[in-house]
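Here are my notes on the chain, as numbered points. Please read them beside the model.

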Amino acid sequence: MKTLFQKIADREIPSKMVYEDDICFAIEDINPQAPVHILVIPKRVIARLSSATDSDAGTLGHLLVVAGKVAAERGLSGGFRTVINSGPDAGETVPHLHVHLIGGRKLAWPPG
Ligand code: AMP
């Protein structure tokens, strides 16, 4: 069965796609928590960080490089945050690993 994000990648569910390559794609979050809130998502499903293996290292690195490039394209020169929620205590709701790219306002620390 496809994950929500696989359906989005396959254009079965509409989204605002802002980036795509062979390894990953990026979409606007449907419920943005900041002026910029983009999800960078691998096309090959990794459920969450705790199920990632050594063979996922290249993909995981690529997601972060793409997040940095998208942040630059959005003009987030003052900074931004990348977040991966892993598991229920972190608030993970979609079991298909994704990097949240959040910015465009001053972000509080520690996060909630
Ligand atoms: P997480 O809670 O870390 O698993 O993040 C899942 C994110 O996916 C949340 O920020 C949701 O707002 C977002 N989301 C859920 N459905 C969609 C959708 N159809 N299009 C874009 N973002 C979505």
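**Notes on the fold, cores and loops**

1. Along the sequence, the protein chain runs α-β-β-β-α-β-β. That gives two helices and five strands. Helices (H or I, at least four residues) and strands (E, at least two) are DSSP runs, numbered from the N terminus. The radius of gyration is 14 Å, close to the 13 Å that the globule rule gives for 112 residues, so the chain is as compact as a globular protein of that length. The radius is taken over C-alpha atoms, and the rule is 2.2 Å times the number of residues to the power 0.38.

2. A word on the basis. This is a predicted model, in which local features need pLDDT of at least 70 and side-chain atom pairs count only at pLDDT 80 or more, while totals for chains, interfaces and linings use all residues. Residues are numbered from 1 along each chain as its sequence is written, and side-chain values use heavy atoms, with hydrogens and water left out.

3. Overall dimensions and surface. Along the principal axes, the C-alpha atoms fill a box of roughly 40 × 30 × 25 Å. The accessible surface is about 6600 Å², and 56% of it belongs to carbon and sulfur atoms. Areas come from the Shrake-Rupley method with a 1.4 Å probe; for residues, only the protein chains shown count as cover. Of the 112 residues, 35% are buried. Buried means under 20% relative accessible area, exposed over 50%, and partly exposed in between (1.4 Å probe, protein chains only).

4. Charges. The chain has 12 positive and 12 negative side chains. The centres of the two sets lie 6 Å apart. Lys and Arg count as positive, Asp and Glu as negative; His and the chain ends are not counted. Each charge is placed at NZ of Lys, CZ of Arg, CG of Asp or CD of Glu.

5. Which residues have the most contacts inside the largest nonpolar core? They are Ile-38, Val-40 and Leu-63, in a core of 16 residues. Strand E2 (24–28), strand E3 (36–42), helix H2 (57–73) and strand E5 (99–103) each supply at least two residues. H2 gives the largest share, six residues. Apart from this core lies another, of eight residues, among them Ala-9, Phe-25, Ile-27 and Val-94. A nonpolar core is a set of buried Ala, Val, Leu, Ile, Met, Phe, Trp, Tyr and Cys residues joined through side-chain atoms within 4.5 Å. In soluble globular proteins, nonpolar side chains tend to be buried together.

6. Contacts (heavy atoms within 4.5 Å). Among those between residues at least 6 apart in sequence, 49% join residues at least 24 apart. Take Ile-38: leaving out residues up to four places away, its partners include Val-18, Ala-26, Val-70, Arg-74, Val-99 and Leu-101.

7. Backbone checks. Trp-109 and Pro-110 are joined by a cis peptide bond, with omega about 5°. Pro-110 sits in the segment after E5. Arg-11 is a residue other than glycine with a positive phi, near 65°. Its place is the loop between helix H1 (4–9) and strand E1 (17–20). Most residues other than glycine have a negative phi, and most peptide bonds are trans. Both sites deserve a look in the viewer.

8. The loop between E3 and H2 holds Val-45 and Ser-51. Val-45 counts as partly exposed at 33% relative accessibility. Beyond four places in sequence, Val-45 touches Thr-3, Gln-6, Pro-95 and His-96.

9. Buried, exposed or partly exposed: which is Thr-82? Thr-82 is partly exposed, with a relative accessible area of 35%. Thr-82 belongs to strand E4 (residues 80–83). Setting aside neighbours within four places, Thr-82 contacts Ala-67, Val-99, His-100 and Leu-101.

10. Asn-85 lies in the loop between E4 and E5. At 24% relative accessibility, Asn-85 is partly exposed. With neighbours within four places set aside, Asn-85 contacts Ala-90, Gly-91, Glu-92 and His-100. The C-alpha atoms of Asn-85 and His-100 are separated by 8.5 Å.
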